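Thanks for making the time this morning.

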Amino acid sequence: MFFERPGGGERAILVHLEGQNPEVREDPQEFQELARSAGADTVTLVTVPRHQPTAKYLIGSGKVEELHDLVRNEQVELVIFNHILTPSQERNLERAFECRVLDRTGLILDIFAQRARTHEGKLQVELAQLNHMSTRLVRGWTHLERQKGGIGLRGPGETQLETDRRLLRVRIRQIKQRLEKVRSQREQARRGRKRAEIPAVSLVGYTNAGKSTLFNALTTSDVYAADQLFATLDPTLRRLDLNDLGPIVLADTVGFIRHLPHKLVEAFRATLEESSNSDLLVHVIDAHEPDRQLQIEQVLAVLAEIGAEQLPILEVYNKLDLLEGVEPHIQRDAQGNPERVWLSARDGVGLDLLKQAIAELLGENLFVGTLRLSQKLARLRAQFFELGAVQSEAHDEAGETLLAVRLPRIELNRLVSREGWEPDAFIEQHTLQ
């Protein structure tokens, strides 16, 4: 029932509070984009100057009366607040406006419900919705009281509200069990990639920064990409071959947003783990966005919440086509390592620079080169083949084996040291610097 949405939008009034603490203040323009992405037909945006929110309505009683008249005159079906409402505030506002009231969390949940396509994505959205709904059940059953005792009035000892809460708990438990199975399957797939020594790279970033467009440009895929918030919800993995490095797995992930509801972070943990288990994060940034620094901070906050803040990050400043006088280029740190790449995913400009930067960063701990092995090292040769690290084999005039291999340096050093050899003694230099 959570995924059947009406074909048209709903007439809505948007309410934004101004003058709050800068740390919790929301962006009204982003709020309007969220409403548009949800399919709302926005009548007007009402900005309320309020420094101290009230406990009953969040806004003052005078503004509540003003909004009530606006709702009635404009025949509005929905009032959306750009803030998190408590269950009691939501109930009080619905009584006052005589229409549905939605807060920022409910709005984002609705967008996620519309975007979910895979079975896993739908489960994750439903879990977040059920957790959100469990605190708001009372509004639908305020007319029901606890059953009384007496002849003919003795019941099962459970009100309708308690029955609904129990059913919700059962459903939440079932979904968590299914998502745990999905998580174990993902972990098994990651272990398989790790055994094959295939590096994993995840695209992360603020919603609508151009991750899916970049993903399609790099992998020639047809992942849905649109100029709207949360166009991508379900993660997509594709193989990408890089020069001098070989194959990697590239993952397109759900976009982050300012004050992403904790319920969503928790529900999408199985998906977000794809990022936290990557070898490299490619942080896609909208270079044309005036508030891009604030968006960068919000992305880093979510990465910290899922335990991915320690992973190496390559910043990609996208939408270069909207800037004047900036050419595609790689910015490097003091050690010469790639730090930022400036490109345009829409025009396909600078993609080779990004591939080069990814190969350099991943190649630091990877050996790609040729080993010269004497005949007495036949056992070592066999071990390289067992690891699947051999790309080609040849022999020189002296009968020695020339193995072109690709494997982590730590694994190379372990194998060679076991034979009592120093790697540099028989390596022809052909490594990524």
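Helix 4 and helix 5 are roughly antiparallel to each other, because the angle at which they pack is about 155° and an angle over 145 degrees counts as roughly antiparallel. Please keep in mind throughout that what you see is a predicted model. Helix 4 covers residues 104-115 and helix 5 covers residues 119-134, and their axes lie 10 Å apart. The crossing of this pair is left-handed, and the residues that meet are Thr105, Gly106, Leu109, Phe112 and Ala113 on the side of helix 4, with Val125, Ala128, Gln129 and His132 on the side of helix 5.

Helix 4 has a further partner in helix 1, residues 28-38, where the two axes come within 9 Å and cross at roughly 40°. That angle makes helix 1 oblique to helix 4, and here too the crossing is left-handed. From helix 1 the contact involves Glu30, Phe31, Leu34, Ala35, Ser37 and Ala38, while helix 4 contributes Arg104, Leu107, Ile108, Asp110, Ile111, Gln114 and Arg115.

Let me turn to helix 2, which runs over residues 61-74. With 14 residues, helix 2 reaches 20 Å from its first C-alpha to its last, close to the 20 Å expected at 1.5 Å a residue. Which residues of helix 2 are buried? They are Lys63, Val64, Leu67, His68 and Val71, and, seen down the helix axis, they fall within an arc of 145°, so they line one face of helix 2. Those buried residues pack against strand 1 (11-18), strand 2 (41-49), strand 3 (78-81) and helix 3 (87-97), whereas the face turned away from the buried side carries the exposed residues Glu65, Arg72 and Asn73. After the helix comes Gln75, whose phi is positive, near 55°.

The last item is a single side chain, His283, which lies in strand 8, residues 280-286. Is His283 buried or exposed? The relative accessible area of His283 is 2%, so this residue is buried, given that the cut-off for buried is under 20%. If we leave aside the neighbours within four places in sequence, His283 is in contact with Val204, Gly205, Ile296, Val299, Ile313, Leu314, Glu315 and Val316.

I will stop there and take questions.

Key. Residues are numbered from 1 along each chain as its sequence is written. This is a predicted model: local features need pLDDT of at least 70, side-chain atom pairs count only at pLDDT 80 or more; totals for chains, interfaces and linings use all residues. Side-chain values use heavy atoms; hydrogens and water are left out. Helices (H or I, at least four residues) and strands (E, at least two) are DSSP runs, numbered from the N terminus. The expected span of a helix is 1.5 Å times one less than its number of residues. Buried means under 20% relative accessible area, exposed over 50%, partly exposed in between (1.4 Å probe, protein chains only). The arc is that of the directions from the helix axis to the C-beta atoms. Contact means heavy atoms within 4.5 Å. Axes are lines fitted to C-alpha atoms, for helices over the stretch in contact, and angles run from 0 to 180 degrees between N-to-C directions. Angles under 35 degrees count as roughly parallel, over 145 as roughly antiparallel, 65 to 115 as roughly perpendicular and the rest as oblique. A crossing is left-handed if the near helix is turned anticlockwise from the far one by less than a right angle, and right-handed if clockwise.
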